[in-house]
Amino acid sequence: MLQSNIWWLRGPDRDVVIDAGLGIVPLRQEIPQMFERDPQLIITHTHLDHVGGAYEFDDVAVHEAEANALINPGPVSLDTRTLYGILGIDVPDGEADSMLQKVPHPDYDPGRYEISRAIPQRLLRDGDVIDTLGTPLEVIGTPGHSPGSICIYHPERNWLFTGDTIYKGQLLDTITGADQDDYRHTMKRLRDLEAASIFAGHGPELSLQALKDIAIDYLARPQPGNGHGW
Ligand SMILES: [Zn+2]
Ligand SMILES: [Zn+2]
């Protein structure tokens with residue numbers, strides 16, 4: 001569940017990195033090349049598996065609704081029961097006690113895991129354009145999974161980065177901070193988007209059809225309240 005993607009985009013002068021992983025190992029040590037060209041980090045949202053390495057970047061952009069969560073990280077844990085408790089959902093049957101399958105080195109103590117504070121240099125809103133790559137990146141506000149979830153669209157390449165809003169697997173819309181009504185609005189918007197390649201916060205690249213199917217499936221779910229799909 002915490003195995004998340006870090007997307008590294010090369011520009012002519014500077015790079016953009018989308019999401020920063022869980023923060024189990026220092027990125028500057030493991031992937032020093034990623035820091036050679038003054039990278040701007042764009043955070044799709046502030047869950048632990050996306051912001052763990054954010055403190056290592058000098059230039060961080062996040063949606064304004066989650067700026068405070070970046071500056072003052074909330075409680076986190078790699079202990080399965082504790083983490084699910086923080087997220088406000090039940091632990092699925094058969095889940096291991098630890099969220100980690102491996103530790104980076106023998107002395108690593110998962111009990112001391114925490115998120116280090118990062119200071120956002122730019123606060124984002126729906127419709128903002130980021131020029132760091134020399135070609136525009138568009139910010140799409142996609143609340144639902146979390147209040148400040150965003151997708152990033154790269155018009156020149158026709159790429160869409162979706163964070164945890166859309167990925168292959170069970171979407172989390174009942175965790176603390178999630179909002180199903182917002183998620184439905186977001187899914188309607190994403191259903192109508194056209195992008196050639198979709199790069200999610202977890203799992204493999206998705207086709208446009210896969211993205212549309214996920215959105216359509218979500219919208220077809222019975223809705224508490226009126227009993228209609230949408
Ligand atoms: Zn998330
Ligand atoms: Zn995630």
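**Figure 1. His202, a buried residue at 10% relative accessibility, is one of the protein donors of the zinc ion (ligand 2).** Buried means under 20% relative accessible area, exposed over 50% and partly exposed in between, computed with a 1.4 Å probe on protein chains only. The model is predicted: local features need pLDDT of at least 70 and side-chain atom pairs count only at pLDDT 80 or more, while totals for chains, interfaces and linings use all residues. Side-chain values use heavy atoms, with hydrogens and water left out; residues are numbered from 1 along each chain as its sequence is written, and chains are lettered from A and ligands numbered from 1 in the order in which they are written. The protein donors of the zinc ion (ligand 2) are Asp49 (OD), His50 (NE2), Asp164 (OD), Asp164 (OD) and His202 (NE2), at 2.1 to 2.8 Å from the ion. Donors are N, O and S atoms within 2.8 Å of the metal (3.2 Å for Na, K and Ca); water is not among the atoms, so sites may look incomplete. Along the sequence, the spacing of the donor residues is D-H-x113-D-x37-H.

**Figure 2. Asp164 bridges two zinc ions.** The zinc ion (ligand 2) and the zinc ion (ligand 1) lie 3.6 Å apart, with Asp164 as the bridge. Asp164 and His202 link distant parts of the chain, 38 residues apart: Asp164 belongs to the loop between β9 (159–163) and α5 (180–191), and His202 to the loop between β10 (197–200) and α6 (208–220). Helices (H or I, at least four residues) and strands (E, at least two) are DSSP runs, numbered from the N terminus. Asp164 has a relative accessible area of 5% and is buried.

Figure 3. Two packed helices are described by the angle between their axes and the distance between the axes. The axes of α5 and α6 come within 9 Å and cross at roughly 140°. Axes are lines fitted to C-alpha atoms, for helices over the stretch in contact, and angles run from 0 to 180 degrees between N-to-C directions.

**Figure 4. Trp7 and Phe199 form a tilted aromatic pair.** A search of the whole structure finds seven aromatic pairs. In the pair of Trp7 and Phe199, the ring centres are 4.9 Å apart and the angle between the planes is 55°. Rings of Phe, Tyr and Trp (its six-membered ring) pair if their centres lie within 6.5 Å; planes under 30 degrees apart count as stacked, over 60 as edge-to-face and the rest as tilted. Trp7 lies in strand β1 and Phe199 in strand β10, 192 residues apart. Trp7 is partly exposed at 21% relative accessibility, whereas Phe199 is buried at 11%. Ring pairs link Trp7, Trp159, Phe161 and Phe199 into a cluster.

**Figure 5. β1, β2, β3, β4 and β5 form an open sheet with mixed pairing.** The strands stand in the order β1-β2-β3-β4-β5. Two strands pair if DSSP finds at least two bridges between them. β1 (7–10) and β5 (122–124) are the edge strands, each with a single partner strand, so one side of each has no neighbour in the sheet. The twist averages 20° from one strand to the next. Four bridges join β1 to strand β2 (residues 15–18) in the antiparallel sense, and Arg10 has Asp15 in β2 as its bridge partner.

**Figure 6. Strand β4 (residues 59–63) is largely enclosed by the rest of the structure.** Five of the five residues of β4 are buried. Asp59, Ala61 and His63 point one way, and Val60 and Val62 the other way. In a regular strand the side chains alternate between the two faces of the sheet. Strand β3 (residues 40–42) runs parallel to β4 and is joined to β4 by three bridges, with Ile42 opposite Ala61. β4 and β5 also pair in the parallel sense, over three bridges, and here Ala61 stands opposite Arg122.

**Figure 7. The sheet of β6, β7, β8, β9 and β10 is open, with mixed pairing.** The order is β6-β7-β8-β9-β10, and the edge strands β6 (129–130) and β10 each pair on one side only. β6 and strand β7 (residues 137–141) run antiparallel, joined by two bridges; Ile130 stands opposite Leu137. β9 and β10 pair in the parallel sense over four bridges, and Trp159 has Ser197 as its bridge partner in β10. Both faces of β10 are covered: Ser197 and Phe199 on one side, and Ile198 and Ala200 on the other, are all buried.
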